[in-house]
Amino acid sequence: MAPELPRHASRGVELAGGALLLLAAIWLGLSVGGVPLSLSDLWSGAGEAGETARLIASLRAPRVLLAVLVGGSLAIAGAAMQALLKNPLADPFLLGTSGGAAAGAALAAMAGLSPLFSPGAAFAGAAAASLAVAALARRGGRLDLHRLLLAGLIANAFFSALLLGVFSVASGEAARAMLFWMMGSLADASPGKVASLLPYAGAGAAALLLSAARLNLFAVGEENAAALGVNTERWKGIVFLSASLLTGAAVAFAGIIGFVGLLVPHAVRAVTGNDQRRLLPSSGLAGAALLVAADAVARAAFAPAELPIGAVTAALGAPLFAWLLFRNA
């Protein structure tokens, strides 16, 4: 029987495995597309073929980096919300954040604002939705976790109605643009978008990683966590707002990409277990790898046409969601 690795060593192995998986996905994202590229193409140097390859790679690189940030953000947020709510079906999108972001972007388009304002409008909508859901979920001055899910369902119903109203009066071109954005897309990725998303993703991820030990205590029950000295109200607020920040920022810069926050934590949990100190960082790496690979599939499957990346993640996530639903029935 092989000796068991120390806990810190096994965590290092998991992170190294996640990093290698992400590097493989990045290579896939750079090389796969309407024009396939190999490593020799990218590093061939002189000549027209080498210049063309580097030009194509420079266009794909921002998409790959944006996919890394968006996928990692959604996966970490999903893992944290599942731990906080002690619900394997919990997902940031169920809490109304994505609906608020979509409504903000749709209203900006209806107002005739430049597409440059869409990310800002989406993030404002996500922030407003998160605050509204948190206000609805408070009972007796405390954030009630059961009411939080119900408040998210109410918010999603409201924003769905709002979006239907916007679509019904939008012009054909505006409606098509909004619909494609709502299905998720990295087609408009740019170095500027990557740089703009990085602070939001970094701040939200850092806050959740620092909350990992407290999330482990929430697993034994809120009352027990409080008895062990955890300021439960403070940490519930930190986790919820941090997960909302990550989700809202991801939706603002890439549209609605569902199921990443549900699919990835469950897959990673089979390897790491429920220790949030191991699950959260590994989920971030796996989520980044998944979205980079999904974007490569979206670009290559029907080239030169491009699938919405939300359609690819939904094709993966919907069967898993159904399986989880039946398993927990």
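In which helix is Thr247 found? Thr247 lies in helix 11 (residues 232-254), where helices are DSSP runs of H or I with at least four residues, numbered from the N terminus. The model is a predicted one, in which local features need pLDDT of at least 70 and side-chain atom pairs count only at pLDDT 80 or more, while totals for chains, interfaces and linings use all residues. Residues are numbered from 1 along each chain as its sequence is written, and side-chain values use heavy atoms, with hydrogens and water left out.

Thr247 counts as buried because its relative accessibility is 0%, the term buried meaning under 20% relative accessible area with a 1.4 Å probe, protein chains only. When residues up to four places away in sequence are not counted, Thr247 touches Leu74, Ala77, Pro92, Phe93 and Thr97, contact being defined as heavy atoms within 4.5 Å.

Apart from neighbours within four places in sequence, Val70 is in contact with Leu197, Ala250, Ala254, Ile257 and Leu291.

Helix 13 (residues 276-300) has 25 residues and reaches 35 Å from its first C-alpha to its last, close to the 36 Å expected at 1.5 Å a residue, a span calculated as 1.5 Å times one less than the number of residues. Since 19 of its 25 residues are buried, helix 13 is largely enclosed by the rest of the structure.

How values were computed: Helices (H or I, at least four residues) and strands (E, at least two) are DSSP runs, numbered from the N terminus. Buried means under 20% relative accessible area, exposed over 50%, partly exposed in between (1.4 Å probe, protein chains only).
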